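Hi everyone, thanks for making time today. I'd like to walk you through one structure, so please have a look at it before I start.

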Amino acid sequence: MANNLDTARNIPPGVWLIRKIRGKDWSLKTYRYMVLLITFIAYTSYHASRKPSSIVKSVLDPEPDKALNVYPWPIGSVFLKDEILGKNKYKSEYTGWEPFNGKGGTKKLGLIDVAFLACYSLGMYGAGHLGDTLDLRLFLSSGMIGSGIFAGLFGMGYFWNIHVFGFYLVMQMVAGLFQATGWPSVVAVIGNWFGKRKRGLIMGIWNAHTSVGNITGSLLAASVLEYGWGWSFIAPGMFIALAGVLVFLFLAPYPEDVGFPCPNVPAARAEAVPRDVESQAQSEGIVEKGKNAPIREVSGVRRSVGLLEACMIPGVLSFAFCLFFAKLVAYTFLYWLPFYLSQTEIGGEYMSVKSAGNLSTLFDVGGIVGGILAGHISDKLRARAITAASFMYAAIPSMLLYRIYGSFSQTMNIVLMMIAGLFINGPYALITTAVSADLGTHSSLRGDSRALATVTAIIDGTGSIGAALGPLLTGFLSTKGWNTVFVMLMLSALIAGLLLSCQVVAEINDKTSKLMRSTSGLQSSEVPPSQPLLSEQR
């Protein structure tokens, strides 16, 4: 056994210092709040560092008669009827940045996006297994600092006057690999600290960091754009690097690391740590008086599982392939909704590109509500698959109504867009958070394995492939008309729901059997003792 309990438990240095200063430990509730806050900030910074590329595209490859001194929301105006960017009053002499401003520049920008998503998706599978094998705190903080470094290096291309396409391509590819460390790690940490009872609701609210990160990234990137587009990458890069330092100092990925029992470890394994370790912890003041729960095994004791072993956990592949199509739909709206709005006559008028981009953010607002609602419903019903499948099926008529009636007026468009966002992003948020955490702590693991990050990586990595494929398909299908695109999206939502059929049937059978057992038990209690049951008479 290790000589120093703090070392054995991997107590974060910031927490250790606060303990020494205060002379006592925090409560379990305080630790949970701290874990929620730190992981929220962490993934907010991940999304913020991905946003600069969309902000500076019009700078690297400016369209004719477009200016650079009018910034996107939330710095600029929210809705504009006139496309002021095209007026001579705001016209800029800036001609873009080689190699993106020449022939095929737009394709090169698209290739960078595809390369980033491809490395992110593939890197997710390896990152999940590494997250379960290595120290989650060190793994997550290293990934965040690495993401910040390569985001900053992309921006340094401006100051170093680099015009080689390969440099920017490599920076984005490596950044994609580092970005893959984020999601499996933060979901694993939340899953380690919170049991299944209210996991859906908690994670639904917590999942708002995605939209907060997008808005934060837009603010950071746009606010420094006037000083050179390089700063739009450096500023978010510094943000995620500093957040990585925060994670290193204060994040405890496992309750056992700070002397609390893990909610996912069976009671039979409660005494995994020898008595001498427990007595040493008490003598050092690590365990407060009045804590009756014994110290569980340290986080490093449990073994990790391999990719194939994680795939064999019941439900993992079903939800992974469901998320492939769910993310295909969600990311198509994310990347193409502003363009669709600018190309569609709404209330007899066409809106500007800027107004379309601002209006499209309301889709995310509906998505936040959908994520919270789906999590809450799944907690109440204790049926993740039924909830996710129901939302996917409901997304089909919502998209159809949006396509048919969304052009009647701006008000109608906003209402139907938010409803579509609710049903599309609801199951996407549920599967990537609560479902992944549930499956990573599945009963088949018997509490002796660490599979949270690996399972999350398999599910979200598969979904990210769909996220890359959806916008790519839309680019081709949109040339045949938007009706074709919406048919593709509705078919994808239908397939996503059908892929959960086995899980839905299993949950219905489980609930039916429980209902029958409770009903038969009630009937048995109502029969007088002197009167035998019907089955006994027969």
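This is a predicted model: local features need pLDDT of at least 70, side-chain atom pairs count only at pLDDT 80 or more; totals for chains, interfaces and linings use all residues.

Residues are numbered from 1 along each chain as its sequence is written, and side-chain values use heavy atoms, with hydrogens and water left out.

First, the overview. The protein has 21 helices and two strands; these are DSSP runs, helices being H or I with at least four residues and strands E with at least two, numbered from the N terminus. Of the 538 residues, 51% are buried, where buried means under 20% relative accessible area, exposed over 50%, and partly exposed in between, with a 1.4 Å probe and protein chains only. Among contacts between residues at least 6 apart in sequence, 83% join residues at least 24 apart, with contact meaning heavy atoms within 4.5 Å.

Now to helix H3, residues 28-50. How do H3 and helix H10 pack? Their axes are 7 Å apart, at an angle of about 50 degrees. Axes here are lines fitted to C-alpha atoms, for helices over the stretch in contact, and angles run from 0 to 180 degrees between N-to-C directions. H3 and H10 are therefore oblique to each other: under 35 degrees counts as roughly parallel, over 145 as roughly antiparallel, 65 to 115 as roughly perpendicular, and the rest as oblique. On the H3 side the contact includes Phe-40, Tyr-43 and His-47, and on the H10 side His-209, Val-212 and Asn-214 are among the residues involved.

H3 also meets helix H11, residues 231-250, with axes that come within 9 Å and cross at roughly 155 degrees. That makes H3 roughly antiparallel to H11. Among the residues meeting there are Met-34, Ile-38 and Ile-41 in H3 and Pro-236, Phe-239 and Ile-240 in H11.

Arg-50 is buried yet has no salt bridge, and the nearest side chain of opposite charge, Asp-460, is 6.9 Å away. For the cut-offs, a salt bridge is a side-chain nitrogen of Lys or Arg within 4 Å of a carboxyl oxygen of Asp or Glu; Lys and Arg count as positive, Asp and Glu as negative, and His and the chain ends are not counted. Leaving aside residues up to four places away in sequence, Arg-50 touches Tyr-43, Phe-116, Tyr-120 and Gln-179.

Thr-456 sits in helix H18, residues 452-477, and counts as buried at 0% relative accessibility. Ile-234, in H11, counts as buried at 12%. The C-alpha atoms of Ile-234 and Gly-152 are 4.3 Å apart, although 82 residues separate the two in sequence.

Finally, the backbone. The peptide bond from Glu-98 to Pro-99 is cis, with omega near 15 degrees, and Pro-99 lies in the loop between helices H4 and H5. Arg-382 is not a glycine, yet has a positive phi of about 55 degrees. Arg-382 is in the loop between helices H15 and H16 and is exposed, at 73% relative accessible area.
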